[in-house]
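Here are my comments on the model you sent. They go from the overall build to single residues.

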Amino acid sequence: QVQLVESGGGLVQAGGSLRLSCIASGSIFSINSMGWYRQAPGKQRELVGSIAGPGSISYAESVKGRFTISRDNVKTVYLQMSSLKPEDTAVYYCNIVYRTRPSGNDYTYWGQGTQVTVSS
């Protein structure tokens, strides 16, 4: 079994900052990538940022320059969000792509989501 524990969501005024955290645990041999997605009401889930290694980071165009994704160890990922806008309001989901053994298949797992609300 795999668990993803997300924290850090909340209500913030436009221009403010929040930091999301996601800690993975369970039957994980290795994590290929960790990322954050978001889903606003009535919209499809979209990638916010992902990190597969020190040189492999990607962001949605809408958050470039405002959000920073980072990992401080093998199983923890952060999303530092600054200069938040009302359109950033969404449920934010942590996602990992992982393996349970060295030559095994890649699996994906989602966190339960954390609400981020930005007021104008």
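1. Contact here means heavy atoms within 4.5 Å. On that basis, among contacts between residues at least 6 apart in sequence, 57% join residues at least 24 apart. Keep in mind that the model is predicted.

2. Overall build. The C-alpha trace spans about 50 × 25 × 25 Å along its principal axes.

3. Surface and charge. Of the 120 residues, 39% count as buried. The accessible surface comes to about 6,300 Å², with 49% of it belonging to carbon and sulfur atoms. There are 11 positive and 7 negative side chains, and the centres of the two sets lie 4 Å apart.

4. Disulfide. The structure holds one disulfide, which joins Cys-22 to Cys-94 with an S to S distance of 2.1 Å. The link is left-handed, with -85° about the S-S bond. It ties distant parts of the chain together: Cys-22 is in strand E3 (residues 18–26) and Cys-94 in strand E9, 72 residues apart. Cys-22 has a relative accessible area of 0% and is buried; Cys-94, also at 0%, is buried.

5. Thr-76. This residue is in strand E8 (residues 76–81). Leaving out residues up to four places away in sequence, Thr-76 touches Cys-22, Ile-23, Met-34, Ser-70 and Arg-71. One of these, Cys-22, is a partner in the disulfide.

6. Asp-88. Is this residue, at 0% relative accessibility, buried or exposed? Asp-88 counts as buried, and it lies in the loop between E8 and strand E9 (90–99). Beyond its neighbours within four places in sequence, Asp-88 is in contact with Arg-38, Arg-66, Phe-67, Ser-83, Val-116 and Val-118.

7. Ser-30. Strand E4 (residues 30–39) contains Ser-30. The C-alpha atoms of Ser-30 and Leu-18 are separated by 28 Å, with the two residues twelve apart along the chain. Not counting residues up to four places away in sequence, Ser-30 touches Tyr-98 and Arg-99.

Note on methods. Residues numbered from 1 in each chain as written. Predicted model: local features only at pLDDT ≥ 70, side-chain atom pairs only at ≥ 80, totals over all residues. Heavy atoms only, no water. Helix = DSSP H or I, 4+ residues; strand = E, 2+ residues; numbered from the N terminus. Buried < 20%, exposed > 50% of the residue type's maximum accessible area, 1.4 Å probe, protein only. Disulfide = S-S within 2.5 Å. Areas by Shrake-Rupley, 256 points an atom, 1.4 Å probe, with all protein chains shown as cover. Lys, Arg positive; Asp, Glu negative; His and termini not counted. Charge placed at Lys NZ, Arg CZ, Asp CG, Glu CD.
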